[in-house]
Amino acid sequence: MVTLQSYLTLSALVFSIGITGIIINRKNIIIVMMCTELLLISVNFNFIAFSHQLQDLSGQVFVFFILTVAAAEAAIGLAILVALYRNKKSISVSELNTLRN
Amino acid sequence: MTFNIIGFILPEITIAFGICTVILVNSLSKKASIGLIHSLILFFLVLALFFSFVSLEIPDRIIFNGHYMIDSFGTNLKIIALIAAILVHLTSVKSKQNIKNEIFLVQLFATLGVLILCSAHNLLTVYLGLETLTLSMYGIVASNRSSVDATESAMKFFILGAIASAIFLYGISILYGVTGTLSLDSLKELVIISSLEIRIAVAFIACGIIFKFGAFPFHSWVPDSYQGSNTTAAIYISSVPKLGAFALISRLFLDALNAMSEFWSVLILSAGLFSIIIGNLIALMQINLRRMLAYSAIGHIGFVLLSFSIVSDTGVSASLTYLLMYLIMTIAAFGLIESIASEDHQHIELSDLKGLSKSHPSVAFMLLFCMFSMVGIPPFIGFYAKWMVLSELIYNDWIWLAIIGVIMSVIAAYFYLRVVWFMYFENADQPIENKGLKNTQSITTLLLSLMLFLIGLYPNPIIDYTRIIISSFLLID
Amino acid sequence: MVGLIMLFINEKHSSIVYWVSVISSLLIFGLSLYALSLFDDSGSAIQFELNTSWIERFNINYHLGVDGISFPLILLTTFITPIVLFTARTSNKTNLHQYLASFLILEGLMIGVFSALDAFLFYVFWEAMLIPMFIIIGVWGGKNRVYATIKFFLYTFLGSVFMLIAIIYLYISTGSYSIFDFYNLDLSRIEQVLIFLAFLFAFAVKIPMWPVHTWLPDAHVEAPTGGSVILAAILLKMGGYGLLRFSLPITPDASNELSQIMVVLSLIAIIYIGMVALSQTDMKKLIAYSSVAHMGFVTLGTFVVFLNHENISSDNMTLAISGSMIQMVSHGLISGALFLCIGVMYDRIHSREIDDYGGVALSMPKFAGLMVFFALANAALPGTSGFVGEVLVIFASLKVNFWIAFLSGSTLIIGAAYTLWMIKRVIFGQITNEKISDIDDLNVTEFIPLMILAVMVIAMGIYPEPLMKLMHDSLIGLSETVIKGAGL
Amino acid sequence: MIFEYSLIALLSPLVGSILAAFLGKSLGKTFVNTSTILGVMISFVLSCILALEIYQTSTVLNQNIYTWLNIGSFSFHIGFLIDNLTASMMVVVTFVSLMVHIYTIGYMHDDPGYHRFFAYISLFTFSMLSLVMANNFLQLFFGWEAVGVMSYLLIGFWYTKESAIKANLKAFLVNRVGDLSMILGIGIIFSITGSLDYQTTFFESQNLAQTELFFINEWNISALTASCMLLFGGAMGKSAQMPLHVWLPDSMEGPTPISALIHAATMVTAGVFLLARMSPLFELSSTALSFVLIIGATTALFTGILGLIQNDIKRVIAYSTLSQLGYMVAAAGVSAYSVSLFHLMTHAFFKALLFLAAGSVIVALHHEQDIRKMGGLKSKLPITYVTSLIGSLALIGFPGFSGFFSKDALIEAIGHADIFGSGFAYASVIVGVFITALYSFRLFFKVFHGSINEHHSDVKESPVSITLPLILLAIPSVMVAWPTVGPMVFGSYFATSIAQPDAYQIFGYEYSTAYGFLVHAFSGPVIYIAMMGVLTAYVLYIQKPNILKGKSFESTFIYRLLENKYYFDDLYEEVIAKQARNIGQRFWSLGDVKIIDNWIVNGTAYRIGNIANRIKVIQTGYIYHYVLMMILGLAIFLGWTIISAGYAS
């Protein structure tokens, strides 16, 4: 029996992995963006699990919205990435620090 | 009935319609003059403003199955947001070609997001409004596609924003799991005792909100994106979205989670306090004007949050007052910077201001108003904002917070004064060429500067207005 | 009266502006003289009261009015400003119209500070005053003006924000911003002490008291002549005025309890600063330090009476605080005049260093006469206004403790030493700098203001009673309030 | 009537001065001297009338002119107290002033500051009159300081002369020390009686005497004694008593008429006048009186000794003035105020005469003041010679001259007194007599006798405007005592204004006329001592001038001590003045600049900047750091959430 708790734990784990990935990764921005998707996925897990538990559809509806928005977000993110690459010829996270202090 | 519903959301509809029109015009007719597009945008904004005023008459109601709330609070915030958007638009319009038109289009999107946030009454709508706003903001920041700085800052903003909304969503999901509802109304009824789970959820949500405000420790995007993007973008992201954030925090925390105010006020308060300290301190060391204003914005937002964390009608209305006055100041300041920035010289640094009082006497004079207002010197409005917040803090026995606040104001005075010093006390090595202001721009900035001063002489209207907004909001629910 | 001036922001750029501003300031002076003729000096009531609601929600009123404490200072303001404006043209300034406009705005705000009866309004005027002063020093100041002006601004700003907190606190306790409602407030001991300290911080910086005085020499040195004059003549008085208007009546117990500290600080200001003045080589700095020392008498007079509880009576207290008041007015005239004198020399030689001068009397006899006169007045010569205030404070201190009087009286020696030593090196002696031998004596624009000031100084010195009569009843009223409030 | 007269007498020099000051430059020298001399003349004539009037009717005018200040129950007035004391002072002041005015016409004839000079001395006359005519302490102090300022301005009259402006600063500051003491004395009186009127305060003097003043811990003295001592401190400054005497010799840097008027005849005697005026207070405090006596006697002796080795003609006379002032003060110390005043009057005449004569010599020798370069002027300057002789004889107290009566009476009084210190005082003044004679005639012989200096072969007698005042002053120097000594010293002329024991108590004898006193004096030692002094001078400077030429004399300790004026100047200038400036410098550089400005003010700013610099590093520019910061923020929020929940449950 997969309990709600397991789902939540999984979700929390995924969330943590996403965050850790962002923090640890120093190379590629794409990976960072993937990690942000992980974060959203963990949220989706949560919603679905809760929705199932509560027998309430609105959580699942929310998930669809999140997916849509995530797609839009990814589109924008990739667009920015392309522009960045054009200007900078690099998508390394560790070189992304001309603006600081 | 259907028509009625549309009637209630006419402002939003107008903006959405405007967006479509502008896209169409822009893509269909290649020769469509920039002027036409600008006037179209302006037209729709004004129209939306007009509809908002009309909908002030509508009695409060909840539509779209509880997803949308039409009340005077939301409508008033919309009015403010639209006025701010119009002002932003007017101050940032340039005759120069190479500012992309899209930025104004995207601004319309963002404005739409703010309007939705003002009325959102369900966590889903809240999320949608928030994302509409956030995604457009990425676009705004990235609008200067050929600039390294702009794209870099957009990238950072994007990633941080994505994380923030994920955190926010995570909070919402927990909240949903615990209460089983997404409706703010039901939340309000259900959340009476604050369980640990709800608290955790609230902590997550608070992070998302604080990020939107751009307060410490979720402020990192603010300086980079202000500096990296162009001034046109900075004007917008420094002003209108803050109103969205205010709407968000009011709807979510003040209204729906009022029962837990004791808990979240601490979070907001600490974020506000540290924002004041960190923002003002780091601003001391800045030489780039936009970056400096970004840090100063963090400081100002700190005051807004500080005051908001006093969960009373007077505290929140002081907070809103501060926000309004901040909007006026920041739009004016950025507008003035915009007016002296040329295309190839977007990074205005302090040393560029040398001799400004000679080459652009009127701009310098208005900027002087702005700076003193931001310092918080009467009779400019910045003073009344600070004073109201301080009054609230002292009234609620937070005297030590008030003392920290005023000390930080004094420290902040230094970097504001430095602007005046460079403008007035130093002579230019090579004077900035006086391009003269575009009419709309000069009129708007003049208007704003006059507001800085005239409202300062008679601050009653704003003080009363915010008070009415907030008390009606708190009274109804 | 105030609003009229506030609107006077000139952006014209012809020399007409000069006369327009001079004449308008003279009109204001005339207006204040007219007010003087209407002023009823019997009783301590507020007169010419104007009270309209301003910010209803916080019960803030646009409440103006004068009594015997504020009126002399308003007269001083309206008297000094035309003089400053009149002399503005002698030293070539860029953007003269802005310069004049700043002074007119400043005048309006200063009058506002002295006449505000609503604490909030008072604060608004008080702070707003920083702006024109900041601009005046910064734009038309000397080489090191940026440091000086920022220091000036931050110092005073830091001081006054604490006052703002105290004012808000008082508002929350009374539900009103009216100063007179504050008087009737019953505050606990701790509250009083804290409020007193908050106010003190603001006023002490303005006065300035030791050890928060160091902005003054810098500001004075860098400020243009007119700025120095206003700074010394009027701005410093606001601190003293604040002590009388706020600190004493609102927190009488705290004034009583902390009077020892205040007296010690005043004595330090008088002696220590006097010694410091002795070693200055820059004339403006010297006069600036002498201002600090003289203002030490103001604070001494304000607080010394509390030290001896057996001897406290409204008569004795009035004696002391009238000493303070007269000292303020007189210092306004004398230090203003001295700064004008230094300005006159600076316009000719472009140096403020004492060593660059010598034998000025040979080429500028008229000027030398006036300068020596003002220097003597600064050294508290009887027969000049400088003496009156100091002797009253010394007398009042003698009623308290001989040694306080002795120490404060030492200014007779130290003050004479630094002022006359400067005179000796600047005015007298052989001409050492060949530039001095071919400078001109005072022209009419410079001579008239100095002469008027000289006449005022003498008049106040030999017949101070008219001035005293103006404020007498108000001061008695104040003393009675304070003594009653402190339960002595 | 008396009031109006005194008002006019007071104001007419002021008017003259103002006219001279403001119109003098344009209207010329004649106008200047006419207007001022007229002013002083009017004043003199009115003073004489007043003196007569008051003497005959024996009235006392005590009237306020206006209220200076009114605070609560305290009020300060400006007013006149005209009695015999005041009237006689007025006569002396205006007479000497008049003489000096006339003398100045010739003396300052070629000076570019001609009109300024006249304005000053007229203004001085006004100040001095307001001092003596005051009926309250405040006005007294006004006049007191005003004469000090005039003295300051006049000493520094030649303001390009470094020594002159140094001297005037010194004079002013030393006087200020006295003035501080005086204002404190006045303040004590005021704080106890609540008034500054002479009448009121004298009336309350018993009250003063009974009030204890708290000084340090257990050290209490009566308010009366304290205030008397402090008032006398003022007198010490103005009358140049030791140790505040240092300014007077230096003040000789001023023009000679000034030395005559201010630093011999009038201003410096203000201290003596003060003592006489305050006699109702002093009489109640024997401590104060002893103090006065000892200071006076010390000054009389030791400054006289200094006069012996001076070579500047004016400085010799200046030291003589110091010494004579010591005599007067000492007399006041034994309650013989009238004698003291009498000496004040005679001294005013003969000392002014001596100074003016010295001035005449100086003018004749083209501003040469060193007596070593003089000699044999007897035949060249006959009038000056004769008048100088008269002056010197009067000074040493040669029988029959005015100085004799005053000085002998004074010594008698001191000799008769028995308060603490009177023995010392008596010895001092007796030795002083010898010294006086010695230095007077040293000067006299060196200037007028001996061989003539070849540089001065062409000297001529001075013009009339100079010699006339000499002659006019010579007359009272000889004669004034004959008619006046009776009523003033032995009679009750001052009874209305001074509280003192009657003549019998003072002297132990009963005289009534000048003649009787003269006869008595021959039985005392004083005259013979003076004669011995003259004789010694004759031997040392005319007969055997070589005695003192030896090196050994000039290298003795005593000579060096005298040369350096007992090191008072060094003490004040090198130690006190210099240290004050040093301390000021130190205070400034350490306290203001270093601690307050650099350390606290700029230091705070610097530290804030430092902190800011450190904090701004958190904005590294790296996304992962930003994210880390966000997550840390979230973690803190969550942590707090859990902790607070723990507390709650």
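Predicted model: local features only at pLDDT ≥ 70, side-chain atom pairs only at ≥ 80, totals over all residues.
Me: Which pair of chains has the most contacts?
Reply: Among the 5 pairs of chains that touch, chains C and D have the most contacts. Here 55 residues of chain D are in contact with 65 residues of chain C.

Me: How do you know that chain A and chain C are not in contact?
Reply: The closest C-alpha atoms of chain A and chain C lie 24 Å apart, and no contact joins the two chains. Contact requires heavy atoms within 4.5 Å.

Me: Why is the pair Lys424(C) and Glu162(D) called a salt bridge?
Reply: The N to O distance between the side chains is 3.3 Å. The cut-off is 4 Å between a side-chain nitrogen of Lys or Arg and a carboxyl oxygen of Asp or Glu, so the pair qualifies. The rule finds 1 salt bridge across the interface of chain D and chain C, together with 11 residue pairs in polar contact, both residues at pLDDT 80 or more.

Me: Which element gives the most to the side of chain D that touches chain C?
Reply: Helix α6(D) gives the most, with 18 residues. The residues on this side of chain D divide into 35 nonpolar, 12 polar and 8 charged.

Me: What makes up the interface of chain A and chain B?
Reply: In this interface, 43 residues of chain A are in contact with 42 residues of chain B. The two chains bury about 3,500 Å² between them, 76% of it on carbon and sulfur atoms. Phe62(A), Ile80(A) and Leu99(A) supply 20% of the area that chain A buries against chain B, more than any other three residues.

Me: How do you know that Lys88(A) and Glu152(B) form a salt bridge?
Reply: Their closest N and O atoms are 3.4 Å apart, and the limit is 4 Å, so the pair meets the definition. The rule finds 1 salt bridge across the interface of chain A and chain B. The count of residue pairs in polar contact there, both at pLDDT 80 or more, is 8. On the side of chain A that touches chain B, α3(A) gives the most, with 17 residues.

Me: Why does the salt bridge of Glu12(B) and Lys78(B) tie together parts that are apart in sequence?
Reply: The closest N and O atoms of Glu12(B) and Lys78(B) are 2.8 Å apart. Glu12(B) lies in helix α2 of chain B and Lys78(B) in helix α4 of chain B, so the pair ties together parts that are 66 residues apart in sequence. Over all chains, the structure holds 18 salt bridges.

Me: What makes the group that includes Ile383(D) and Val519(D) a nonpolar patch?
Reply: A residue of such a patch must have over 30% relative accessible area and no salt bridge, and nonpolar side chains are joined within 5 Å. The patch on chain D includes Ile383(D), Trp482(D), Tyr515(D) and Val519(D), and its residues have about 900 Å² of accessible area together. Helix α20(D) gives the most to the patch, with 6 residues. Ile471(D), one of the patch residues, is in helix α20 of chain D.

Note on methods: Residues numbered from 1 in each chain as written. Chains lettered and ligands numbered in written order. Heavy atoms only, no water. Buried area = accessible area lost by both parts, 1.4 Å probe. Polar contact = N/O pair within 3.5 Å; in protein donor to acceptor, adjacent residues only side chain to side chain. Helix = DSSP H or I, 4+ residues; strand = E, 2+ residues; numbered from the N terminus. Patch = residues over 30% accessible without salt bridge, like charges linked within 9 Å, V, L, I, M, F, W, Y side chains within 5 Å. Areas by Shrake-Rupley, 256 points an atom, 1.4 Å probe, with all protein chains shown as cover. Nonpolar A, V, L, I, M, F, W, Y, C, P; charged D, E, K, R; others polar.
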